[in-house]
Amino acid sequence: MEQRQTISQIAECVISEMERMQYSPATISTFRVKAKQLSRYVQEKTGTDYFTEELGRRYLADTIGFPFAENRWLTSPEASHIRCVRRIGEYQLYGAVLRNHAKNAKTLDGWELGDEKIIAAYVESVQTADNSDATKKLRIHHIRQFYEFLASRKVSGIHDISAQIISDYAASLQGESPVYTKHRLATLRFYFRFLKQKSILECDWSFAVPKVIAPKNLNVPALWSREELERLLKSIDRDSPAGKRDYAIILLVVQLGLRIADVSALRLDSLKWERNELEFIQHKTGNRVTQPLLEDVGWAIIDYIKYGRPKAESPFVFLTANAPYTPMKSGSIGCILDRHRARCGIEKKNGAVSGMHSLRHAMARRLLEQGTELSTVANIMGHTSYASTSPYLKVDIEGLRECALSLGEVLTDA
């Protein structure tokens, strides 16, 4: 039987992980101080140095009065105490240091409620499932959101679930996009089936989760003009490291049509300089793709790697600008366009999808306007069927007009 670790032992493991992930010395030092304070508190209360979630909650209540009576943002010292408790608890539960902790006081309380072991089993099942890494992360994130809703309704855990609570949760998603809502509820059904299969719950509550039908190709892509794209690219500060990175990323999407998941996963060994090509495995399809490394794209990447990329031992091309230097996440890449579009004064069009993915539409539109066949566009975009490429036809209005036959032509042919 594995021996239980003390808070001091867990803290050393966490520090080792933080050093590996290149957290700043100041951040590590702060964690070390807070971990010692937590250890002393637990020893005074229990005579041992073993952590439990309940002791963690008591420590935060006695030390900083958390959770607070009013809804407010955390001060830096308060956040340090909470991050320490969170990291100790998560390492004890998952054996890993998890990143991207929320900073709002409302979301920093233990989201697992009383279901830590249940969620740990679910996380393990998700990690071993035959799904993409993105799907695994998304399902865990969706369950976290569900538990945060349960906490807001004073529900102590999954054993107190009811059809009414499930209905209220579904109702709380009103106003979200149909696709987003569909995915969150699908994850919830998957979770309830897991609980039933493992005999954690007697009732399979998946039947009570409503289904959402999300129409395909619901949104119209934003129509980026050539002038807007040039204005966007010229507005980026290419003298700064982050600007060099952002410029190269946007060019990859505009010129080559890469998905942001493929941009974030792009590795240094994907750059085949000897033959001016990019070679990578597409995140969505799993297919190996080779694309020409256009001159302007290649020079932008070289400029970033030589003069903007942090000196970090990472196989990935694009890294965060601040330590610990980690690969850019898809979500962070998705925010790049919004940031630079706002700076150069290009307004988001109502009723149009204008995120980073819209730049793929812009490239597809350009190809269609140049007379490129739909099959060729599908290959460039990495689509496995023409059905996936059909939304891009929405942007080529002039091309569609050329395909139209007049009534006279139809009658003549008949």
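Modeller: Contact, or touching, means heavy atoms within 4.5 Å. The structure is a predicted model, in which local features need pLDDT of at least 70 and side-chain atom pairs count only at pLDDT 80 or more, while totals for chains, interfaces and linings use all residues. Residues are numbered from 1 along each chain as its sequence is written, and side-chain values use heavy atoms, with hydrogens and water left out.

Biologist: How many helices and strands does the chain have?

Modeller: Helices (H or I, at least four residues) and strands (E, at least two) are DSSP runs, numbered from the N terminus. On that basis the count for the chain is 18 helices and five strands.

Biologist: Is Ile158 buried or exposed?

Modeller: Ile158 lies in the loop between helix H6 (133–152) and helix H7 (163–172), and, leaving out residues up to four places away in sequence, it touches Asp115, Ile118, Phe146, Tyr147, Tyr191, Phe192, Leu195 and Leu201. The classes are buried, under 20% relative accessible area, exposed, over 50%, and partly exposed in between (1.4 Å probe, protein chains only). Because its relative accessible area is 0%, Ile158 counts as buried.

Biologist: What distance separates the C-alpha atoms of Ile158 and Tyr147?

Modeller: Tyr147 is among the residues that Ile158 touches. The two are 11 residues apart along the chain, and their C-alpha atoms are separated by 8.6 Å.

Biologist: Which strands stand at the edges of the open sheet of three strands?

Modeller: The order in this open sheet is S2-S3-S4, with antiparallel pairing, where two strands pair if DSSP finds at least two bridges between them. Each edge strand has a single partner strand, so one side of each is left without a neighbour in the sheet, and these strands are S2 and S4 (288–292).

Biologist: In S4, what is the bridge partner of Glu279?

Modeller: Strand S3 (residues 277–281) and S4 pair in the antiparallel sense over five bridges, and Ile281 has Arg288 as its bridge partner in S4. Arg288 belongs to the uncovered face of S4, together with Pro292 and the residue in question, whereas Val289 and Gln291 form the covered face. For Glu279, the bridge partner is Thr290.

Biologist: Which elements do the buried residues of H12 pack against?

Modeller: Helix H12 (residues 295–307) has 13 residues and reaches 18 Å from its first C-alpha to its last, close to the 18 Å expected when 1.5 Å is multiplied by one less than the number of residues. Its buried residues are Val297, Gly298, Ala300, Ile301, Asp303 and Tyr304. They pack against helix H10 (241–256) and strand S2 (271–272).

Biologist: How many disulfides does a search of the whole structure find?

Modeller: Cys13 is partly exposed, with a relative accessible area of 24%, and Cys203 is also partly exposed, at 30%. A disulfide is a pair of cysteine sulfur atoms within 2.5 Å, and the number found in the whole structure is zero.
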